[in-house]
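Visitor: I would like to learn how to read strands and helices in a model. Please take me through one.

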Amino acid sequence: MKILKHIAILSLALLLVGCGSGPRATAKMYTENLWHGKISEAKKYATEQTGKLIDVASSMIAMPIDPDFRFNFIEEIIDGNKATVTYKKPGGETDNVNLVKIDNKWKVHLVDDENMPQTALQKKNECINNMRRIEISKDMYALETNCTNGWAFASDEEAFTAFVGKEFLKDYCYCPTSTSTEEKGTLARAVADYKVNPIGSNVSCKSRITGKNAHILK
Ligand SMILES: [Zn+2]
């Protein structure tokens, strides 16, 4: 009875992952086949355009082959008919596989990168880059006005207005995970998303401050 129950749970789990048809499973089959040098097999998990791109690429360069490659899943973001799956490459770096849902089947799609949903890791990196830019603006402001550590702006509005006005910051940045309804690229949005903090203390994001992908400038 115990074994039967185990099998029932196992087959249910298989059903839930769609017998290997979700973005994660498709990305795994595609990536593993490609790394194992099975190009025509990998193409079965990709859109027609992507298949053509692979053909062109493999006719021009020797595709890297690693027979021991195993797909090391990190995360999956599904946004309607589009998905992005992040995995760890053999060297330890992360890479993304973009997918689209066509006729109810997920296929790897390597074109129009920009329209693909951003993963939590990408959003975190974008936000940290913004905070670095704000921090550099603070340093430049402090140098110009001889402000020392501990000095603070009267408000974040005043700080951002000064940074952009003096062109230390090229735009009013925003956090990609913010739930603020203020328009992106406006002073109101920058103020809604970030706390400038005094000179000598790092700028902070108000949106994602805890968890694995917390937006914290170190
Ligand atoms: Zn953020």
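Visitor: How many bridges join β3 to strand β4, and in which sense do they run?

Guide: Two strands pair if DSSP finds at least two bridges between them. Strands (E, at least two residues) and helices (H or I, at least four) are DSSP runs, numbered from the N terminus. Here four bridges join β3 to β4 (residues 105-108), and the two run antiparallel. I102 has K105 in β4 as its bridge partner. The hairpin leaves two residues between the strands, and D103 takes a positive phi near 50 degrees.

Visitor: What should I know about the source and numbering?

Guide: This is a predicted model: local features need pLDDT of at least 70, side-chain atom pairs count only at pLDDT 80 or more, and totals for chains, interfaces and linings use all residues. Residues are numbered from 1 along each chain as its sequence is written.

Visitor: Which residue stands opposite T84 in β3?

Guide: In a regular strand, side chains alternate between the two faces of the sheet. Opposite T84 stands N98. β2 (residues 82-88) and β3 (residues 94-102) pair antiparallel over seven bridges. Their hairpin has five residues between the strands, with G92 in the turn at a positive phi of about 105 degrees.

Visitor: Which residues of helix α6 are buried?

Guide: A residue is buried if 20 or more other C-beta atoms, placed from the backbone, lie within 10 Å of its own. In α6 (residues 156-165) these are A159, F160 and F163. Seen down the axis of α6, they fall within an arc of 90 degrees (directions from the axis to the C-beta atoms), so they line one face of the helix. After α6 comes E167, with a positive phi near 60 degrees.

Notes
Buried ≥ 20, exposed ≤ 12 C-beta atoms within 10 Å, placed from the backbone.
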